[in-house]
Amino acid sequence: IIMHYMAGRNQHEPVRFVHTISSEEGRLLASGSQRNSIDLDLHIVPQSKTSRYDSIPSPFSISYEYELVVADRKHFKRFFYASFSTVLVIITLVLLLHILPHKHRHHGPSKNLTLALNQALMFFDAQKSGNYPSNSPVTFRGSSGLQDGNWSNPPADLVGGFYDSGKNIKFTFPTAYSITLLSWTVIEYHDKYADIGELDHIKDIIQWGSDYLLKVGGNHTKGGYNDINCWQRPEDMSYPRPVSACDGPASDLAGEIIAALSAASLVFSEDTVYRRQLILTAENLFGLVSKNNSGTGQGTYSSVDSCGGEARMFYNSSSYRDELVWGGTWLFFATGNESYLEYATGYFSVAAAAEEPWSEKGLFYWNNKLTANAVLQTRLRFFGDPGYPFEEGLGSSSNRTDQLMCSYLSHETFNRTPGGLILLRPDYGEHLQFAATASFLSKLYSDYLKLLRRSGVTCSSGYFSLEMLHKFSMSQASIDNSSTISIKAECLISPINYILGDNPMKLSYMVGFGDKYPTQVHHRAASIPWDRGTHYSCPEGERWLYSKQPNPNILYGAMVSGPDTFDNFLDEREQPWFTEPTIASNA
């Protein structure tokens, strides 16, 4: 959104505000809305050249040039000495503030976030399966999984996609979630990606994933020397890789694929052919899984043996309704078809939100999209209010979002680690991914409020200002429990800075960033030397699994699982709950 201000009736100067969007991405905003371009008339009223006070006689003689006439030298000397002393004190204080060392709390050196973002995207390059691109910035990877799909019945082309983590498994569910989230960041911050030269990079990653999702396949292995018990580079895989094809309800998987393809279609708005292909596939899939809201013929993919397989060991989906609502919302943004929005808003409050367990509230990750969907629908209410009959549903999402932000700011709902990192699901582990998505949603919401010129929001636990929300998203402030929520400056801790090294371990949890980071990442390709032409079998690969030496290949940008609830971390390859990265967390 480009805002303008007018410093005079005929003088305009453009000011970039929050973020910008392309015309097609503008579908997320109201078409033709005045909010798409806001003009602020800030011209100054011309001042009169003559003042009504000019006629009041002065006790002193003042010339036209405002020369000073001293009427009492004694008073003038006192005034001069007092003024001089005051100026001297101010100058002294300013010098002291610049000379004396400053005490910072939780604030290390400024981070090169452009480099961090570039490296975070590089991790997706390292996870690519299929015909590996020759221009990839990752030099220790090659083509792999070129026979994927040949073991299915009937055979199918399932070459491509991403390996999920340090294992050589491809899961469709977290892949779709990752593509949805990455696409959302491009839609919101398109120009910022362009400004730092990463727009083409992330669009390549999104297309790599969406191309695979168009094949609508979930590929992972079973039994024998497989991706779970074989420590082997993906380029060296020679064992069969069976495919799990869903022959029963898989509404959650379908819903996330719908969301991913719909969001990606907004990213590729200029490629009309590809965009149309993404939308048609999403619409057809939505038609198959949304026919009956009663739940008949619907269910989670992990509840079906032929479909879940090993997937439930790692991504055991607990519900499908949140994905259907999520998919319907994104499909409305992609098409403008209000039937999808009617489904999403109606189903959200009636079924999806009602079944959300307490332990999942406030979370946004591969298994729960309700929190993010509330923020997304609030965006629609703010900037593209479609009116009747959606007011109630969108209003409910807006209220839910306000309560969400208050829960992030208050200690009443979530605890922190001793180092200050918010713990959204303390018994689950992988705390970094939850803190990162909470920061992302709060940053988005603070941007929305700034566009609306709102100073803050009132909720049941008090009031939070725009400044407080911005500080949480960028500095993750700890908040006390007063009627008006206030920030404790001594407890400020940024989730980004925490991940990048400002933590009790003084360790960057993003591999390759900074001077100190994990070196024994739980990752097959990174831990085994890249010797072209040399094949290492599964037994041969185990020597690197149990090695205490650093990985021979640096897996740039991989965010590992991270520390425990006490900020402790073990850099050991055999302990994936500390050292394994995933594409969902990196997204």
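Modeller: Let's take the labels in turn. This is a predicted model, where local features need pLDDT of at least 70, side-chain atom pairs count only at pLDDT 80 or more, and totals for chains, interfaces and linings use all residues. Residues are numbered from 1 along each chain as its sequence is written, and side-chain values use heavy atoms, with hydrogens and water left out.

Biologist: Why does Tyr-81 count as exposed?

Modeller: Exposed means over 50% relative accessible area, buried under 20%, and partly exposed in between (1.4 Å probe, protein chains only). Tyr-81 has 54% relative accessibility, so it counts as exposed.

Biologist: And what makes His-431 buried?

Modeller: His-431 comes in at 4% relative accessibility, and therefore counts as buried. Leaving aside neighbours within four places in sequence, its contacts (heavy atoms within 4.5 Å) include Leu-421, Arg-425, Pro-426 and Asp-564.

Biologist: What do you find in the largest cavity, and what lines it?

Modeller: About 60 Å³ of space lies in the largest cavity. Among its lining residues are Glu-430, Leu-432, Met-559 and Ser-585. On a 1 Å grid over the protein atoms alone, a cavity is a set of points where a 1.4 Å probe fits but cannot get out, while a pocket is an open set with protein on both sides within 12 Å along at least five of seven lines; lining residues have an atom within 4 Å of a point.

Biologist: How much space is in the largest pocket?

Modeller: About 1200 Å³, and 33 residues line that pocket.

Notes: Points joined across faces, edges and corners; volume = space filled by probe spheres on them.
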